[in-house]
Amino acid sequence: MDKAQIIASVAGDLNATEHAVDAALAHATTLVQSMIGARTALCISPVVGAESQTRALEAIAALGAARQAMVTCHEELAKDHRRLGYGVYAGAEDKGQTTTGEHRLRAV
């Protein structure tokens with residue numbers, strides 16, 4: 001593997017991780033919505049399931065913190081990439097674009 005392939009591999013893994021955290025957040029919020037909807041549809045007291053809903057909301061908060069950590073990781077990797085003299089990387093091959101010379105990093 002040459003340097004560009006190694007860098008592209010790390011960028012791909014970073015992007016996949018960011019998408020996975022976003023997907024987990026979306027699924028977790030859907031779960032809470034489902035829990036509330038089910039409780040309402042079944043005419044069950046809000047007291048029932050309150051603890052499990054609280055735990056789901058805590059998980060959402062933790063996923064939010066994980067997402068922020070990935071954004072920070074992305075920013076730090078971009079700084080390291082430039083510090084090492086590799087310029088800015090975009091991963092244009094993912095979008096079928098061609099680039100000449102300089103690459104650009106995708107925004108989160």
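Helices (H or I, at least four residues) and strands (E, at least two) were taken as DSSP runs and numbered from the N terminus. On this basis the protein contains 2 helices and 0 strands. The structure is a predicted model, in which local features need pLDDT of at least 70 and side-chain atom pairs count only at pLDDT 80 or more, while totals for chains, interfaces and linings use all residues. Residues are numbered from 1 along each chain as its sequence is written, and side-chain values use heavy atoms, with hydrogens and water left out.

Accessible areas were computed by the Shrake-Rupley method with a 1.4 Å probe, and for residues only the protein chains shown count as cover. The accessible surface of the protein is about 7,400 Å², with 61% belonging to carbon and sulfur atoms. Residues are classed as buried under 20% relative accessible area, exposed over 50%, and partly exposed in between (1.4 Å probe, protein chains only). Of the 108 residues, 19% count as buried. With contact defined as heavy atoms within 4.5 Å, 56% of contacts between residues at least 6 apart in sequence join residues at least 24 apart.

Helix α2 covers residues 50-83. Its 34 residues should span 50 Å at 1.5 Å a residue, and the end C-alpha atoms are 49 Å apart, which agrees; the expected span is 1.5 Å times one less than the number of residues. The buried residues of α2 are Q53, A56, I60, M70, V71, H74, A78 and H81, and these pack against α1. Just after α2, G85 takes a positive phi of about 85°.

A nonpolar core is a set of buried Ala, Val, Leu, Ile, Met, Phe, Trp, Tyr and Cys residues joined through side-chain atoms within 4.5 Å. The largest such core has 5 residues: L25, A28, V32, A56 and I60. Both α1 and α2 give two or more residues to this core, and α1 provides the largest share, 3 residues. Leaving aside neighbours within four places in sequence, A56 is in contact with L31, V32 and M35. Q53, also placed in helix α2, counts as buried because its relative accessibility is 18%. Under the same exclusion of neighbours within four places in sequence, Q53 is in contact with V32, M35, I36 and R39.

The structure holds 5 salt bridges, each defined as a side-chain nitrogen of Lys or Arg within 4 Å of a carboxyl oxygen of Asp or Glu. One of them pairs D22 with R67, the closest N and O atoms being 2.6 Å apart. This pair links distant parts of the chain, with D22 in helix α1 and R67 in helix α2, 45 residues apart. D22 is partly exposed at 31% relative accessibility, and R67 is partly exposed at 31%. Within α2, E58 and R55 lie 3 residues apart, about one turn of the helix, and form a salt bridge at 2.9 Å between the closest N and O atoms. R83 and D80 also meet in a salt bridge (2.5 Å, N to O), and both lie in helix α2, 3 residues apart. R83 is exposed, with a relative accessible area of 59%, whereas D80 is partly exposed at 30%. Salt bridges that share partners join E51, R55 and E58 into one network.

Patches consist of residues with over 30% relative accessible area and no salt bridge, like charges being joined within 9 Å and nonpolar side chains (Val, Leu, Ile, Met, Phe, Trp, Tyr) within 5 Å. M1, I6, V10 and L77 form a nonpolar surface patch with about 390 Å² of accessible area together. M1 lies in the segment before α1 (3-41) and counts as exposed at 75% relative accessibility.
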